[in-house]
Structure formats: C-alpha cells, structure tokens
Amino acid sequence: MKKILLMAATAGLLFASCAEGTKEKATETNEEVAQAVVELEEPVVEEPGTIVDIAVGNENFTTLVTAVKAAGLVETLASTGPFTVFAPTNDAFAKLPEGTVGTLVKPENKALLTDILTYHVVAGEYMAGDVVAAIKKNNGSFSTNTVMGEQITLMMDGENVVIKDAKGGTSVIIMTDVDASNGVIHAIDTVIMPKGK
C-alpha cells in the first residue's frame with residue numbers, strides 16, 4: 001500500500017512538474033507571439049524617393065521633369081548627392097517668353113539647358129532653416145555657388161526668401177523642405193538665369 005502511495009505521489013509530482021514546464025513554455029510562446037504582433041503593427045516608415053522621383057510624382061513640376069530628361073540630368077539628380085534644388089514650378093516656366101521651353105528642350109540646345117538647370121542646384125542639403133540662418137548670419141544676404149559654377153544670392157523679403165540670379169532677376173521660394181533621399185527641394189516661382197544665358 002505504501003509502495004502504491006509513493007508511486008502515486010511521484011507520478012503526481014512528475015505530472016505537476018511537466019504541467020509547470022508546459023505552462024512556462026506556453027507563456028514564453030505567447031510572449032513571442034505578442035512581440036511579433038507588436039513588431040508587425042509598428043508603422044513602416046518609407047524612405048522618400050530621390051529628387052527626380054519626387055519631381056516626377058508632383059504635377060507642379062512636369063515642365064521641370066521634361067527639361068531634366070532633355071538635358072540628360074536624370075541620373076545626376078537621382079545620384080547620392082546630397083543636393084538642394086531650387087525647383088521652378090510649371091507656372092515659373094510659363095513666365096518665360098513664349099516658345100522658350102520648346103526651344104530649350106531641343107537636342108541642339110542641350111548644353112544651354114544643362115547650364116540653366118544646374119544653376120538651380122547647390123551641392124549639399126540646406127533646409128529652409130539653414131538658408132534663413134545663413135542669410136541672417138551674413139547681414140541679410142548670402143551668396144553660394146551652384147553646381148553650374150556661378151553664384152546665386154539669397155536674401156529675405158519680409159517673411160519670404162528671395163533668390164537673386166547673376167542677371168539681377170529674382171525668384172521667391174514658395175514651398176520649402178520637400179525632403180528627398182538625396183537632398184531637398186524648394187519650389188520657386190520664377191526660373192533663375194546664369195550670366196549671359
């Protein structure tokens with residue numbers, strides 16, 4: 001009788017031990033599943049596209065995209081960079097004399113078009129805050145070289161940042177800090193021109 005009770009007690013202990021082990025395992029598994037669900041529920045932050053991708057996806061830049069393609073600058077503006085692009089909107093291009101854009105995108109004018117477009121690009125990534133800080137630090141105007149090689153001058157006009165080109169023309173930045181994976185875009189309301197173009 002003692003032997004039977006001892007065996008029953010041992011079996012009971014083994015069963016309890018196994019049950020406890022299974023319970024711990026189940027708890028661990030539940031925690032792993034819960035963690036996996038939490039990981040799945042975290043929002044996926046998509047990396048913004050390149051400057052070219054963003055311009056292509058924005059209906060305000062269709063003329064610019066056509067010009068960039070005609071100049072063969074797609075690969076350049078999709079490269080690592082970083083770049084700051086002062087991007088003329090369709091309305092900015094529409095301010096040019098009639099027929100100008102059609103003439104510029106012709107193959108024989110590729111060099112001229114490339115100069116004009118790269119005059120809108122600065123090496124490095126400069127957010128609106130950086131631009132305003134540089135203007136203030138330099139007593140109201142800040143000049144910088146463009147990728148084309150000639151300078152542009154940035155200044156404040158009230159709350160607006162204005163770009164002065166080499167010919168004395170001006171353009172207002174109308175939209176700032178459009179983030180790209182290889183830089184930033186600031187939309188401008190007038191096409192700026194390098195010297196002699």
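**Residue classes and the largest pocket**

Ala, Val, Leu, Ile, Met, Phe, Trp, Tyr, Cys and Pro count here as nonpolar, Asp, Glu, Lys and Arg as charged, and the others, Gly among them, as polar. By these classes, the lining of the largest pocket in this predicted model holds 16 nonpolar residues, one polar and one charged. A pocket is an open set of points on a 1 Å grid over the protein atoms alone where a 1.4 Å probe fits, with protein on both sides within 12 Å along at least five of seven lines, and lining residues have an atom within 4 Å of a point.

Of the 18 lining residues, Ile 51, Ala 55, Leu 64, Val 68 and Leu 77 lie nearest the centre of the pocket. Two or more lining residues come from each of helix 2 (51-56), helix 3 (62-71), helix 4 (74-77) and strand 1 (83-88).

**Confidence along the chain**

The average pLDDT, the predictor's confidence in each residue from 0 to 100, is 83 for the chain, and 75% of the residues score at least 70. Confidence is lowest in helix 1 (residues 2-41), with a mean of 49, and highest in strand 5 (residues 160-164), at 96; helices (H or I, at least four residues) and strands (E, at least two) are DSSP runs, numbered from the N terminus.

**Basis of the values**

Residues are numbered from 1 along each chain as its sequence is written, and side-chain values use heavy atoms, leaving out hydrogens and water. In this predicted model, local features need pLDDT of at least 70 and side-chain atom pairs count only at pLDDT 80 or more, whereas totals for chains, interfaces and linings use all residues.

**Burial**

Of the 197 residues in the chain, 32% are buried, meaning under 20% relative accessible area with a 1.4 Å probe and protein chains only.

Notes: Buried < 20%, exposed > 50% of the residue type's maximum accessible area, 1.4 Å probe, protein only.
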